[in-house]
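Here is a quick tour for anyone meeting this structure for the first time. Have a look at it, and then we'll start with one residue.

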Amino acid sequence: MPLVKEHIDRFEKNVDVDNFVSKDDEQFKLSFVKSENYYKFISSFYKNDDINKLYQVFKRDIDNKKIGIVSFNSSWRAFIGEHSNKLLIPQSIANKAVKEIKDCDIKIAVMHHPIEDLKNFNQFEIEDIIHEQFHILTSGHFHKHKPSILFSTNTGILKLSSMALMSNKDGSENGLTLLDFDLNTFDVKIRKHRYINSDNTFSITQNYTSHIPMNKEKEREVKVYKQTKQLFEKTLIDANSLVVFNKKERAEKNFLDYYNDPIIKDNSYFENIEKTDIASNNISLKVLISDNHIIFGKDKTGKTSLLRKIQLELLNNYFIYKAIPVYIEFKNSYTIHNFDIIDYIRQNYFLNKTDADALLDSEKFHFLIDNYNPDSIQQTEFLTSLLKQVGNNITTITSFETQESLAYSQSFKLNGSLFSKAFIHPLNRSSIRTQTEKVLDEYDNDEKDKIVTKVLSIFSQLNIPYNYWSLSLFLWIYKKDQGININDNIEMIILYVDKLLGREEIASLGQDDYDLFKKFFANLAHKLLKNHSDTNYSISYGELTEFIEKFKKNNIRFVTDTRDLLDYLLEKGILRKNTYTERYTFRLNGVMEYFTAVYMQANKSFVDDLLEPDNDMVYLEFANELEILSGLARGDKKFLGKIYNKTQDALNTTNIKYRDNYDELLSSKMGNAKELAQLFCDIDVKGQMPKSLEEQDEMMDNLKPIQTFQDEVKIKKPQKKEIDYTHSQLERHLFILSRVFRSMSSVDDEKLMIDTFEFIINSYINLGFELINEFEFQKEKSEQEIEKAILNLFTSFIPLVTQSMMSDAILHVNLKRLINKKIEEFEKDKTNNEFKLLLLYFMLLDIDLKKNKNIIQKIIENISVIALKNTALLKLYLYLNFKSYGNKGLEELLKEKIVELQKELYPNTDENKLRNKIDKKLLITKRQQ
């Protein structure tokens, strides 16, 4: 070993050191003997890193940055004693290590000894390599307090040193230095600790911030990055105004907590419906960030939220996207007229004009243009000029969707640049559920599922647009009014309209009488209905101001200024102005229907006029208004009686035809029930049970997409009445009565309530038989056996269809006593009452399957008609598919009852076989999930 040491000590050139190391012979191995144990340890410890005898390379990915750390073995030539000018790091080793981290963003060199301890001929070369290739050099070994930071501003490296962790009894000190390195700004927080042996503690001796020296270009980049972090916070505050918060949420959450990506496709919603062969995939945020797009969307569909999300994404990830976002609102012509990109850069990034100009030349900008109107010459000229001025840009534009926007070609051209067209679609069930999960995160799953169902019901009924703004408003109302009855559509609708109107803000108009405010809207809705059907229920500015002034004259305590009122209504989105006709109308059809119902409540003659026989077809157009009115006048038994009598008249011929012998009639109509029972017993349940809520949403979105985006006011177009009502017209009559009856919970006339309920049940059964007769008529006309078989199959589903239609129309939790009363009555005499019993049983199960699961056994015991047993079996399969996910006990019960029903239909069936078949199908389904 001494001979090897003497041989190495005689080296005077780096090439001599490199030659010696490259041979990797016995002499080199002998020179490394004292480090062998350490080498074995780190090789076994860092199994996934590049561990060599004279250097080690560690690569890590942190915050989307690649970090390369090279640890040089400066102890290779270290012996006890003084080390100054005696150590060596082979130049070839340093170059090799540098190559291994060439793809890293941050490069850090680690040495135990200071670089000054290398021999002079070696030190200069190694120092050049480290200074040129690394951002930080750290070293230790100092046993006495020394300055721990040295700058080399020309080479752009930060040198850091620390005291040793071990020391001798020579008065030397122990300590350590902790570094907190910002990978984006290159700022380094340094905290130096000295170990106090007598107290066995560490004390902080120095605590300061430094940075890696940078050239001017890098300094500007870092300055921009630091400012983007501040702009991110400011933009987030601006974006928060787009979200409906309560006070607690505003303190704890923000726009990003509630944001969900809208559904964006390259074809419009209407194109997708009309042309089912169009393949239209969702366009992701990543795609929008990477290329030019013009995005069309209806009002309140989330266009501004989308742009704010892109802006926040770019600001929060500056070093990933390397693009400066600039949001410009085009609704305000003043903004466009006064906008200057250089001034924008200087004001937001605190740069002087020279640096702002340099930034404009060197950086990529992402323009986010909100509410662009392609027909506006001013807007187009401004945007064209801006894109010419800033050559390196990506631009995302949002614009209101019109018939004209649908007519554009697939790409849109501006200033020579192509913009891909995209369209925001209405929310689907999956989106509604995801947003509900975010907003109502503290609620249990059953409650959230009920809310999703209620959203689908109310939004569909009132033609409320399926967008995040409407959904957020609805969820906010539910969260704010925790005592609200979720089962009551009308209560939810009233609260929704109150929030839409901004009930709490009306006082700012000098109007503190909210009922008088509602009266104004009710009278306006009536005026539009009565006098302006030829203009799609719209009114000119002059006519509107004249109406407001006349209303104020007749209602002297209505004190709101006409101009202030109109501005408020447009700002709140209660009214909208058609940019082409310059006329005003209600923005949402459902809101106009609500205020029409308010007018009906105060003006009984309006309802009486609708109920006249000559207005039958007009009456059917007011189903929503009549249901809302029933919720506003829950105890008005005269109103219920009038609707009941009208519906009796309409269905009189049909109801007389069938009377009450339902079970016998059903058995005679379904002579193939036994054969169908075999089919239902052999039903293949693969992939059907039980499905998660997400899977159910996806399936329903594919089978039955949400079919609405027509939130505008709809003109009532009554159908022509033939000699007799059509089946759909009869069903509409019955639906109106059912919905009115459902809402009128305060009527104190027991006989009227029971009679109406019985009439609804009987009428739905009779309408079912009417459908069966229609199928029989078609079957007689058919000459093909396959068509007859299909019609037979359809017929077998009529009882299930009847049950579903009736539950959808009338079901309410406050009907439980009435349902149970009728069940008790029919159970005492089941003759020709089994069909009614089955409908009532399933109404209770539909209200709450978990609480009323004991009803399933009653179905098995009390239903003997085969066609009804088939219906029960199908319904239980549906429950198993869609109502038992996540509830093992309910799932097992349903499987057990399905087997029991199948055994009732086919007593000789092997129960184990049936059970195994269900279990097997269920297992396959779960594995596929």
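Leaving aside its neighbours within four places in sequence, which residues is Ile 341 in contact with?

## Starting at Ile 341

This is a predicted model, where local features need pLDDT of at least 70, side-chain atom pairs count only at pLDDT 80 or more, and totals for chains, interfaces and linings use all residues. Residues are numbered from 1 along each chain as its sequence is written, and side-chain values use heavy atoms, with hydrogens and water left out.

Back to Ile 341: beyond those sequence neighbours, its contacts (heavy atoms within 4.5 Å) are Val 326, Leu 360, Phe 365, Phe 367, Leu 386, Gln 389 and Val 390.

## Two nonpolar cores

A nonpolar core is a set of buried Ala, Val, Leu, Ile, Met, Phe, Trp, Tyr and Cys residues joined through side-chain atoms within 4.5 Å. Buried here means under 20% relative accessible area, with a 1.4 Å probe and protein chains only.

The largest core has 216 residues, and Ile 341, Phe 517, Phe 586 and Phe 595 touch the most other members. Helix 35 (residues 750–781) gives this core its largest share, 13 residues. There's also a second, separate core of 34 residues, with Ile 8, Val 70, Ala 97 and Val 98 among them.

## Strand 12

Helices (H or I, at least four residues) and strands (E, at least two) are DSSP runs, numbered from the N terminus. Strand 12 (residues 293–297) has 5 of its 5 residues buried, so the rest of the structure largely encloses it. His 293, Ile 295 and Gly 297 point one way, while Ile 294 and Phe 296 point the other.

Strands pair if DSSP finds at least two bridges between them. Strand 12 runs parallel to strand 15 (residues 393–400), joined by 5 bridges, and parallel to strand 17 (residues 417–425), joined by 4. Phe 296 has Ser 399 as its bridge partner in strand 15 and stands opposite Phe 423 in strand 17.

Methods: Buried means under 20% relative accessible area, exposed over 50%, partly exposed in between (1.4 Å probe, protein chains only).
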